[in-house]
Amino acid sequence: MSRWVITTVALLGLIGAYQLYKVTVVAQIGEAVTQAPPAVLPESTSRPAIITEVASRHFADAPWTQSQDVQVMQKESLFFFTQKYDRHQADRRSVQLTPIALLWHDPKRPDAAPYRMIAQTGRITFENPFFGQAISLAGDKAGRILGIKLDGAVTIDGPDNLAIAGENFIFTEDPAHLYSDGPVKFRYGPSEKSELQLAGTAVGLDVSLIPDPTGSLGDTLPRVSGVAGMLLRRDVVLDLQYKQNQTPFHVHVVSGSLSYDTARHVAEFASQVEITRTYPKEKSTLTDRLNCGWLGLEFDQATSENMDRQPQQQMKSLFEGLTFRKLRATPSQNRSRNSRVKVFSEENQLQIESQDLIYDLPRRTITLQDDELVHVKRESANVYSPYIEITHTEDQQLARLECRGNGQFDFQDPTSPETAPTQGIWAGGLKLEPDPATGLHRLWIPSKIRVLVPEVCGVEAGDLQAWIDLKRLFEKQANTNFLNRPLPLHRVLARGDIGLISSQLEVHRANLIDILIQPGTLAPETERERNRRGNRSDSSEKDPPWVMEGDQVKLVVIHDPLEGRIDLRRGIGEGNINLSQQQKTASSIGEMKVDGPLDFKGAAVDLVNEGNVQQTVTLFGSINERGETITPATVQLGAARISADRQMILKRADNCVEILGPGSCRMPLSTDLEGRLLSTPSEVTVYWWERMDFDGQTASCFGQVKCTMNGTAGNTAVVECESLSARLNQKISFIDPQRDAPPPTLERLLAKHQVRFQTLQYEGTRLSTVSQGSLSQFQFDYATGDMGGAGPGEFNIWSADTARFARTQGAEANQPAVRNTPRWRHTRVRFDRMSGNQKQNLIELFDRVEVLSGPVAEAFSTFKADQLSEKTTEAENGVLLKCPKLTIEQVRQDPTPMFKMIASEGTEIEGRFFRAVADITEYDQMNDKLVMRGLGKDAHLWFQRQPGEPASQTDARMITFIPSKNYVDFNRSSGVGGGF
């Protein structure tokens, strides 16, 4: 609150009361304490020159004093004039004086104007009846004065422009009292020592005096020793003019009454109190105002210490050793609920409404209380609380603020009057006090707080602290944009059930948020950033907000006044972090659309932003003392997911992602294991143990890598290796992502070092094919379909038995019954190098190729080469192929895959009943047919027509052999020709 409330009200009533008492009581009797009653001048036709001079000089407005028949009494500096005096008919102790004039010079101020009093009629009552037939005031026969009654108009004036006008004054010793029920008008100042000017009016004056049984004033004066209290009964009007720091102020006070208790040093204004102060500022006149029903002022005896706290040092002498201590204002003495104390300051744009206002000068504290809510309005801000306590410094700066109970505030941005106001509500109270550790002020709301900034953010917390530079907060700034000037806010700390909603960030769960705001320099915005910021009003351009959950979040924010921007420098989150953003449009992985939010999860996160594209995000997982993962660090977009057991680093400037330690990556697949488009997406998951690097185009995994692909109907494939690289067909830019760019697809896959794989295929719910393999390296180009591998390599394939190399048994007599053939076939393929093309359904194996195939009882059982010589059904349907090169082509996909194999560059094939050597050997699975060719030489076939018979040899350029039908055909043979 402005000092005028403290200073002005403290001075107004007491100046008038003190001066009125001084001139009406002290001026008349104070100097006579040790003197005898003034002598009555003898009647004479000639008057002393001094009497004539006093009358003509000081009583020009009372010409009767210059008459020769006027009775005059003089005692040193006191002169008393009256025209006549008569004894009172009813009281022999009283004398009637008509008219009366009194003049007294203050011996302590010989150069100052004298005190004057003029009254129309006066009656003085003495202690003893002393009148006989003649009236005489000489001697001490009458005793002391017991009462004085002044009738009609009474005027008093004196030094320092003192003037008091009234009527019908009554003084009595018992009770010790000075009273007038008529109107009183008074004026004081300016003086030699002060420029203060006081003027006022009232109706009714009541001065209570202090009884003095000892008669310290002497035998002839009333037994009173001072003023006990003073009351201006009604219609009090005061006007005060003074200067403060060379600025002239005018204060106007209207009050129903004004009282002062000398013993308690308390002054009270009552009934419809209105105080108005005006003063010039620049080219305008400003107004401050206080309205209340009752106003109380308390004073202390002056000491060297509290005199230094006196608001107006130039007024000290007017209080006769008192200093102002406390002010209190209420709507009425019983604090009516239907009215309020109202304070208004035009310069500070301040308004206060309260049921109780207390100002304590020694504590420099203002206390506002209300049974409902105190209302404080400062410019466009409003604060409501049932209790507000404000403490200021010696130079009138805010030192401390406390609100108790539930409260609220709102603020209307003057630059955007069309928007809704910022609003806040708290439960329990708040405190603003100096923080010695930082030199700032700390705002602490220890209970639940909720703040809503329309179109910007809303926040809720169980405990909120903020560190504020008050000097910077209250600085007057020409620039209305607060971001283009130093911010007063340095730090914000929120705890407990924190929620935040904004256009860019939503916090759905947090136990602690610590925001540190630092001045600094930000890199200039790029054109793209400026365009995006300029289009924020366009909802189609706005990105969905990030949604965060976590136990603790610490942020360092940089504010650049020159740029008028705030940007995040560093963010640290700890404890079950979850950060997600819903995508405006579905993302694509290959031919597949991926819906869902972009989601970051982990035990902790560390974000470093050095400006422009220099951003690094480190996401941490957590493990226990046994090395088991408790909370992995994950990044997920729809069904796509990257996970790290320990640490994941995203570097935007380097356009890379690094995962240190174990992790995994899960991606949706739009095609099956054979490359066919799926109606329902499947997925591929890659695990690694050491690390993973991604540069925007190539992802490389190291250490015990395992890749699992899930197809439809339960079909799966697993690849294991020590190093796996996957390359996209185009680079993904973290620096400047292009929304309109076509979605990236997988271009190339490279597996190295101890490559192993396994596939499972089902027909309905029945397992139909199992494939296992190992290589030292494997690569696959998704664009061209080309594939290649380096050995030594080995494939093991289990499938339903469709190839039969044993002859079909006829209905010949004495033939044993045929045993049931096992339904599984195991095929083992060994090689040193491979190539092929998936789109052409072609695989080529090179160097020491060996294929061993035979029936087995169940999947994962193996058929061995030495079983070919056994007399078993498995051996009859087994085969061993050796060659330098083998080409395998898939000739049919559905309902059962069928293959064609071509072995070349010198082949050898062996079964239970046959053996063949040729340059080229072809096997057609659909027709169960072997074709062997010689290039410039014969192919050779050794074949037993019946078990136990000697093998016959056939040599020809081309031999066709169908084992299951006992069919052999040959052409251009050098031995036996024809067929059988």
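Visitor: Which residue in β37 stands opposite A604?

Guide: This is a predicted model. Strand β36 (residues 598-609) and strand β37 (residues 615-620) run antiparallel and are joined by 6 bridges. Within β37, the residue opposite A604 is F620.

Visitor: Which residue in the turn of the hairpin of β36 and β37 has a positive phi?

Guide: The two strands, β36 and β37, form a hairpin with 5 residues between them. In that turn, the phi of about 100° belongs to G611.

Visitor: Which residue in β42 does T618 stand opposite?

Guide: Besides its pairing with β36, β37 pairs with strand β42 (residues 647-651) in the antiparallel sense over 5 bridges. The residue in β42 opposite T618 is I649.

Visitor: Are the planes of F59 and F81 stacked or edge-to-face?

Guide: The structure holds 10 aromatic pairs. For F59 and F81, the ring centres are 5.4 Å apart and the planes stand at 65°. Planes over 60 degrees apart count as edge-to-face. The angle of 65° therefore makes the pair of F59 and F81 edge-to-face.

Visitor: How many residues apart are F59 and F81?

Guide: This pair links distant parts of the chain. F59 lies in the loop between α2 (49-58) and β2 (71-75), while F81 belongs to strand β3 (residues 78-87). Their separation is 22 residues.

Visitor: Is F81 buried or exposed?

Guide: A residue counts as buried under 20% relative accessible area. The relative accessible area of F81 is 0%, so F81 is buried.

Visitor: What is the angle between the planes of F943 and F961?

Guide: F943, in strand β60 (residues 939-943), and F961, in strand β61 (residues 952-962), are 18 residues apart. F943 counts as buried at 4% relative accessibility, and F961 counts as buried at 1%. Their rings form an edge-to-face pair, 5.2 Å centre to centre, with an angle between the planes of 70°.

Visitor: Which residue do ring pairs link with Y242 and F249 into a cluster?

Guide: Ring pairs join three residues here into a cluster. Beside Y242 and F249, the cluster includes Y279.

Visitor: How far from the centre of the ring of F846 is the charged end of R833?

Guide: Charged ends also sit over rings in this model, as with R491 over the ring of W467, 4.6 Å from its centre. R833 has its charged end over the ring of F846, and the distance to the ring centre is 4.1 Å.

Visitor: Is S257 buried or exposed?

Guide: S257 is placed in strand β12 (residues 257-261). Beyond its neighbours within four places in sequence, S257 has contacts that include L231, R233, V236 and F269. Its relative accessible area is 15%, which is under the 20% cut-off. S257 is therefore buried.

Visitor: Where in the protein chain is confidence highest?

Guide: The mean pLDDT of the protein chain is 79, and 80% of its residues reach 70 or more. Confidence is lowest in helix α1 (residues 3-29), at a mean of 36. The highest value, 93, is found in strand β11 (residues 247-255).

Visitor: How many contacts beyond four places in sequence does the model have for residues 1-44?

Guide: Over residues 309-319, pLDDT stays under 50, and the model has 34 contacts beyond four places in sequence for them. Over residues 1-44, pLDDT likewise stays under 50. For residues 1-44, the number of such contacts is 121.

Notes:
Residues are numbered from 1 along each chain as its sequence is written. This is a predicted model: local features need pLDDT of at least 70, side-chain atom pairs count only at pLDDT 80 or more; totals for chains, interfaces and linings use all residues. Side-chain values use heavy atoms; hydrogens and water are left out. Rings of Phe, Tyr and Trp (its six-membered ring) pair if their centres lie within 6.5 Å; planes under 30 degrees apart count as stacked, over 60 as edge-to-face and the rest as tilted. Helices (H or I, at least four residues) and strands (E, at least two) are DSSP runs, numbered from the N terminus. Buried means under 20% relative accessible area, exposed over 50%, partly exposed in between (1.4 Å probe, protein chains only). A charge sits over a ring if NZ of Lys or CZ of Arg is within 6 Å of the ring centre and within 35 degrees of the ring normal. Two strands pair if DSSP finds at least two bridges between them. Contact means heavy atoms within 4.5 Å. pLDDT is the predictor's confidence in each residue, from 0 to 100.
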